[in-house]
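Open the model in your viewer and keep the sequence beside it. This tour tells you what to select at each stop and what is there.

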Amino acid sequence: MTARVTGIGDGPGRHGVGARLPAPHDDAASASWADKLWAAVRTGDEYAAVDVVTDALSAGVEPESVLLDVIGAVQRKVGLEWAADRMSVADEHAATAINDRVIAVLPAGRPANSRGRITVACVDQEWHALPARLVSETLRLRGWRVDYLGAQVPTAHLISHIHRTGPDAVCLSSSLPTRLPLAHSAITAIQAAGTPVMAGGLAFGADGRYARLLGADAWAPDARAAADRLAAGPLTRPVPAHQTIDDLPHLGDQEYTLVAGSTTRLVRDTFQRLAQHIPAMRDYSDEQRERTAEDIAHLVNFLTAALYVDSDDVFTGFLVWTAEVLTARGVPAHSLLPCLDLLEEQLHDFPRARRLLDAGRTALASRT
């Protein structure tokens with residue numbers, strides 16, 4: 001056992017960037033510019049990065065391709081490099097900041113005839129904002145008036161903005177499945193205000209299954225798809241206001257509510273029991289103990305999110321990804337198993353939670 005249970009607490013989010021970034025077009029020219037931008041980003045040279053984007057535009061590369069196939073491609077690589085333990089969290093943050101900066105180099109002229117007005121925002125507590133910004137800039141380039149609200153937008157403030165501005169639709173971004181309960185609240189509140197919602201980001205599943213489950217009016221896998229869908233015609237106006245239980249009848253068993261309300265206790269008790277199973281933890285520094293508790297909290301939070309949508313995949317997907325990250329850092333993936341066992345001991349009265357923990361063990365066993 002290493003000095004940490006999982007080593008995931010400092011990560012930049014699943015797949016490094018947290019929300020789905022656009023797949024690059026098969027364009028050798030764009031790939032060449034992406035390689036040049038990567039070299040600048042990797043060395044932390046913001047000025048060189050700006051020069052790369054400026055030169056690509058001067059060479060005739062379309063602004064949308066620079067945005068999605070150059071900047072977006074580099075940001076995707078940042079996430080992969082972090083997961084492979086070839087970039088630190090500080091390096092990832094610096095690279096993301098540079099990519100965010102160079103987006104400002106793209107043209108932002110006022111369209112002669114606006115297609116309409118779109119609000120783009122991240123779910124409350126969602127801090128991965130760059131993918132949402134890529135959606136915003138793509139829509140601007142295609143002639144939309146965009147209100148980009150950035151990361152961590154409290155739902156009440158988002159609704160106030162909608163009432164004040166009257167957008168044609170809201171594009172709601174979230175990366176982590178642990179934000180799905182908040183995303184659901186935001187979707188239902190936006191729809192109650194009479195505005196349709198397009199959801200996007202890895203939190204909603206690679207195929208958009210959780211966007212549909214939570215009642216979103218549309219889903220898009222990336223920025224191009226979002227822009228294409230909005231260009232195809234207005235989203236259908238939402239159905240009359242409805243309750244959470246209408247979308248997720250399984251919540252009637254109260255498992256999610258009870259487990260979510262016990263998160264602090266579950267993390268505390270699992271940490272204490274883990275220390276009894278792993279003698280080496282007695283010699284942990286204060287920082288190591290804090291980080292281990294954070295890692296246990298990640299497990300509990302993903303378990304809780306999986307209970308909310310009643311999906312094994314939310315929990316097993318997190319565990320498999322974590323196992324890959326651990327392997328890259330020389331930590332055996334089976335180090336996660338004691339935490340799962342200890343959680344099951346405490347959740348013996350919750351059949352759906354036990355099912356999820358069993359699925360997690362099976363998923364980990366398939367990788368060892």
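**Before you start**

This is a predicted model, in which local features need pLDDT of at least 70, side-chain atom pairs count only at pLDDT 80 or more, and totals for chains, interfaces and linings use all residues. Residues are numbered from 1 along each chain as its sequence is written, and side-chain values use heavy atoms, with hydrogens and water left out.

**Stop 1: the cores**

Select Phe-204, Leu-214, Phe-315, Leu-319 and Leu-347. In the largest nonpolar core, which has 68 residues, these five touch the most other members. A nonpolar core is a set of buried Ala, Val, Leu, Ile, Met, Phe, Trp, Tyr and Cys residues joined through side-chain atoms within 4.5 Å. Buried means under 20% relative accessible area, exposed means over 50%, and partly exposed is in between (1.4 Å probe, protein chains only). In soluble globular proteins, nonpolar side chains tend to be buried together.

Which helix gives the most to this core? It is α13 (residues 286-309), with eleven residues. Helices (H or I, at least four residues) and strands (E, at least two) are DSSP runs, numbered from the N terminus.

Setting aside residues up to four places away in sequence, Phe-315 touches Leu-299, Phe-302, Leu-303, Ala-306, Leu-340, Leu-356, Leu-357 and Gly-360. Contact means heavy atoms within 4.5 Å.

A second, separate core has 47 residues, among them Ala-34, Leu-68, Leu-130 and Met-198.

**Stop 2: helix α9**

Select residues 223-231, which form helix α9. Its buried residues are Ala-223, Arg-224, Ala-226, Ala-227 and Leu-230. Look down the helix axis: these buried residues fall within an arc of 165°, so they line one face of α9. The arc is that of the directions from the helix axis to the C-beta atoms.

What covers the buried residues of α9? The cover includes α3 (63-83), β1 (117-122), α5 (130-141), β3 (169-173) and β4 (197-200).

Then check the two ends. At the start of α9, a side-chain oxygen of Asp-222 comes to within 3.3 Å of the backbone nitrogen of Arg-224. Just after the helix, Gly-233 has a positive phi of about 145°.

**Stop 3: salt bridges**

A salt bridge is a side-chain nitrogen of Lys or Arg within 4 Å of a carboxyl oxygen of Asp or Glu. By this rule the model has 24 salt bridges.

Select Arg-142, in the loop between α5 and β2 (145-150). Arg-142 forms a salt bridge with Glu-64 of helix α3, 78 residues away in the chain, and their closest N and O atoms are 2.9 Å apart. Arg-142 also forms one with Asp-228, where the closest N and O atoms are 2.5 Å apart. Asp-228 lies in helix α9, so this pair ties together parts that are 86 residues apart in sequence.

Colour these residues by accessibility. Glu-64 counts as buried at 17%, Arg-142 as partly exposed at 22%, and Asp-228 as partly exposed at 43%.

Next, select Arg-42 and Asp-91. They form a salt bridge whose closest N and O atoms are 3.9 Å apart. Arg-42 is in helix α1 (residues 28-42) and Asp-91 in helix α4 (residues 89-103).

**Stop 4: a buried charge**

Select Glu-255, in helix α11 (residues 255-260). Glu-255 is buried yet has no salt bridge. How far away is the nearest side chain of opposite charge? That side chain is Arg-352, at 4.6 Å. Here Lys and Arg count as positive and Asp and Glu as negative; His and the chain ends are not counted.

**Stop 5: two loops**

Select Asp-168, in the loop between α6 (155-165) and β3. A polar atom of its side chain lies 2.7 Å from the backbone nitrogen of Arg-117.

Finish at Ala-203, in the loop between β4 and α8 (209-213). Is Ala-203 buried or exposed? Ala-203 is buried, with a relative accessible area of 0%.

Terms used:
Polar contact = N/O pair within 3.5 Å; in protein donor to acceptor, adjacent residues only side chain to side chain.
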